[in-house]
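Colleague: I would like to go through this chain with you, fold first and then side-chain pairs. Please put it on screen.

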Amino acid sequence: MESKIDKALQHLLKLGVEAKTLWTNSKPGSDFAAQTITLTGGSKYDAILAECLPGTGDATDTNGTLVPILIIKNHKNYLNYTAKTSTEETVAEIRSRAMTFANGKATFAKAYSFSINSTSRSVRLDYIIPLKIIGIK
């Protein structure tokens with residue numbers, strides 16, 4: 001079954017845009033600390049599209065949420081995802097991670113969670129888990 005992201009990428013390919021998977025997370029259900037990933041051939045791309053999970057708990061949900069983020073070469077972007085917004089939850093949460101693409105490398109900063117009802121934040125290795133990185137030229 002093709003995802004909406006796959007369909008959008010196929011449309012871009014028809015327009016002459018090159019897209020190639022440069023990295024895949026082999027353990028999407030595991031914590032993901034701040035790190036830099038060297039992308040084979042990554043320096044020839046103008047941007048990357050990172051498909052991310054909101055958290056490790058979403059790795060086994062085949063119909064779960066995938067959050068795409070586009071990062072232009074030599075720039076930073078932030079993925080901010082609002083979680084716990086169902087009627088059973090009493091507090092919403094924002095999950096955030098900064099990402100940079102430069103010199104053929106994707107750098108993922110620490111992920112944070114921000115509780116809507118307080119000003120506290122905590123580092124969360126189990127949030128904003130990248131699944132795949134796609135180079136776009």
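Modeller: Partly exposed lies between buried (under 20% relative accessible area) and exposed (over 50%), with a 1.4 Å probe and protein chains only. This is a predicted model, where local features need pLDDT of at least 70, side-chain atom pairs count only at pLDDT 80 or more, and totals for chains, interfaces and linings use all residues. Residues are numbered from 1 along each chain as its sequence is written, and side-chain values use heavy atoms, with hydrogens and water left out.

Colleague: Which residue forms a salt bridge with lysine 44?

Modeller: A salt bridge needs a side-chain nitrogen of Lys or Arg within 4 Å of a carboxyl oxygen of Asp or Glu. For lysine 44 the closest N and O atoms are 3.6 Å apart. The partner is glutamate 18.

Colleague: How many residues apart in sequence are the parts that this pair ties together?

Modeller: Helices (H or I, at least four residues) and strands (E, at least two) are DSSP runs, numbered from the N terminus. Lysine 44 lies in the loop between β2 (35–38) and β3 (47–55). Glutamate 18 lies in the loop between α1 (4–14) and β1 (19–24), so the separation is 26 residues.

Colleague: Are arginine 95 and glutamate 93 buried or exposed?

Modeller: These two form a salt bridge, with the closest N and O atoms 2.9 Å apart. Both are buried.

Colleague: What is the relative accessible area of aspartate 126?

Modeller: Aspartate 126 meets arginine 124 in a salt bridge at 2.8 Å, N to O. Arginine 124 is partly exposed at 26%. Aspartate 126 is buried, with a value of 18%.

Colleague: Which side chain makes a polar contact with the side chain of asparagine 80?

Modeller: Asparagine 80 is in strand β5 (residues 75–83). Leaving aside neighbours within four places in sequence, asparagine 80 is in contact (heavy atoms within 4.5 Å) with Ile94, Arg95 and Ser96. A polar contact is a pair of N or O atoms within 3.5 Å; within protein, one must be able to donate a hydrogen and the other to accept it, and residues adjacent in sequence count only if both atoms are side-chain atoms. At 2.6 Å, the partner is serine 96.

Colleague: What pattern does the chain follow along the sequence?

Modeller: The chain has one helix and nine strands. Buried residues make up 34% of its 137 residues. The pattern reads α-β-β-β-β-β-β-β-β-β.
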